[in-house]
Amino acid sequence: MDGNSVGLPSFHNQLRKTVTGLTTYSHGPHHENGELPDERTSLLGNGSAVAGNRHSDTWEFFFNTQYTPGTDNPKPWVKYPAHSWHITKATLLSSPVNILLVAVPIGIIAGQAGWDPVAVFVINFFAIIPLAAVLSFATEEISAKLGEALGGLLNATFGNAVELIVSIIALRDKQIEVVKSSMIGSILSNLLLVMGMCFFFGGIANMRDGNGHGVEQTFQTITAQTTASLMTLSAASMILPGTLFMIINDSDKGDDEERNQIILSLSRGTAIILLLLYVLYLFFQLRTHHRLFSAESGESQDVSQLPPEAAAANIQEHNEEPEEETHMSPYSAGVVLVVTTVLVSICADYLVESIDALVERAHISRSFIGLILIPIVGNAAEHVTAVVVAIKDKMDLAMGVAIGSSIQIALFVTPFLVVLGWIMDREMDLHFETFETVSFALAVLVVIYTVQDGKSNYLEGAMLMALYIIIALAFFVTPSQYFNTDWVVGKLSNVVG
C-alpha cells in the first residue's frame, strides 16, 4: 500500500486505542510477561503459567473480544454458535455504557404495555444511550474494511444516526418543534458542552509542564478555521429565514398561508444548497485534502524541526504501529448495525409518543426536551470518549468528535430533514424559534473566538460550559407557550412599530 495514503478509519482506531489503551490480542500461546515464546522460553516456566492456563479458555470465551474458542472449529454446529457468541460478546464489551442495554427490553415492554408515559420516556431515554454506542461501534467495524472514501462516507452518514432516527419519527408525528430544537441542541451540545468539557478537563489534567509552568493544549488550526467558516454559514442559513419571516409577517399584504409558503420555499432551496456543500466538504476532507484532517498530521508537521535521531525515532514509531484492530467481519457488523437501528427506531417511537404527556405533567417545554435531552441520548458515549482523549492530551481526536458531529448536523441532518419533510408533506423549514436562533448564533460566535488560535485551556472550557448551562437554564425555566412563534413575532413587531 502507498505509504502516503491515509485511511480515514484510522481516526476511530486511534480514538479507541487512546481511550482503552488496548492492543490487538492474539489467541496464540503467550509468555507470562506478554512476550511470544521462543527457543529461550522455559517449557515449564515457574508453575504459575500452568495454573493460569486453566482459566485461559474461560477468559477467552467470555472476555476476549478478538478470539472465541470454537470459531475455528470445522464442525458447523460448533463454529456457528461460537461465531454468534463472538459477535454478541464483542458488541457488548465495546463500551462501558452498554451496561444500560438492560433498559432496551424493559423500555419496549413498557411502551407496548402502556405504562405511565413519564416512565416510558425515562426508560427508553436510557435505552437509546447504549444503542447509540453500539451503532457507532458497528459503523466503525464496517468502515475499517471499506477503505478511506467509503469508510469515511459511512461514518459521515451514520455519525448522527440516533438523532436522525428520533427526528424522522418526530417529523412523522408532526412534532416539528421537537425536531428543530433537537437539531439546534445537538450542535450546541457539541460546540459548547463537549468542547467545553474537553478544554476544561484536558486543561486541568495537562495544566503544567515538567518545570511547573502553565501550558496550553494545542490542536490543528485548519480544523478550527474550516469549522468556524462552516458553522458561520450554518448560522446564516438559520438566521435568514427567521429574519424574512419577521419582515413579511409585519406586512399587511398576503395571508398566513402565503407567508408560510415563502419561508418553506426559501428553506427548501437553502437545504438543497447546504446538502451540495456538505458533499463538497466530504470530497475536500476525504479525497483532496485528507492529510489536513488526519490525526497524525499535527505531529508529522513538526518532525522536520526535530534532531535527526529524534526525527528517525518518530518516523519509526509511526511505521511500527499495529494494523487497525477489528473484532468482526463487515457482514457481521452489518447485521449488528441493522438490528441496532431497528431497536433504536422502536425505542425512539415510544420516546416521542410520551413527549406530550411529559410536557403536560412535568411542565417542561418541548424546546428543552429537544434542545437538551435528546442530544444527550444520541451523543453520550461519544461525549465521554472525547473527554477521555482530551485528558490524555489528544486534542485533535477530541476536536474531531465534537466538530465532526456539529458539521454533520448543520450541513447534512438538518437540510435532509427539511427535504424529507417536503417529501412527507410536513412543513419542516429552517425558520427556527427566535431565541434558539439567537442562542445558536451567539454560541458560534463564542466558539470562533475561542478556537481560532489552535490552543485551549481550562478557563476557555469553563466559559463554553457556562454559556451552555445558561442557555439550558433559559429553556428549562420558560414554559412552551412563550416560545410560540406567532406570540414572539407579534411582540417584536409591536416593539419595532
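Buried means under 20% relative accessible area, exposed means over 50%, and partly exposed lies in between (1.4 Å probe, protein chains only). This is a predicted model: local features need pLDDT of at least 70, side-chain atom pairs count only at pLDDT 80 or more, and totals for chains, interfaces and linings use all residues. Residues are numbered from 1 along each chain as its sequence is written, and side-chain values use heavy atoms, with hydrogens and water left out.

**Exercise 1. Classify V446 by accessibility and list its contacts beyond four places in sequence.**

Step 1. Locate the residue. V446 sits in helix α18 (residues 434–451). Helices (H or I, at least four residues) and strands (E, at least two) are DSSP runs, numbered from the N terminus.

Step 2. Apply the cut-offs. The relative accessible area of V446 is 27%, so V446 is partly exposed.

Step 3. Find the partners. Contact means heavy atoms within 4.5 Å. With neighbours within four places in sequence set aside, V446 is in contact with L464 and L467.

Step 4. V446 and L191 are 255 residues apart along the chain, and their C-alpha atoms are separated by 9.6 Å.

**Exercise 2. Describe how α8 and α9 pack.**

Step 1. Take the geometry. Helix α8 (residues 161–172) and helix α9 (residues 176–205) pack at about 160°, their axes 8 Å apart. Axes are lines fitted to C-alpha atoms, for helices over the stretch in contact; angles run from 0 to 180 degrees between N-to-C directions.

Step 2. Name the arrangement. α8 is therefore roughly antiparallel to α9. Angles under 35 degrees count as roughly parallel, over 145 as roughly antiparallel, 65 to 115 as roughly perpendicular and the rest as oblique.

Step 3. List the interface. From α8 come E163, S167, A170 and L171; they meet I176, V179, S182, M183 and S186 of α9.
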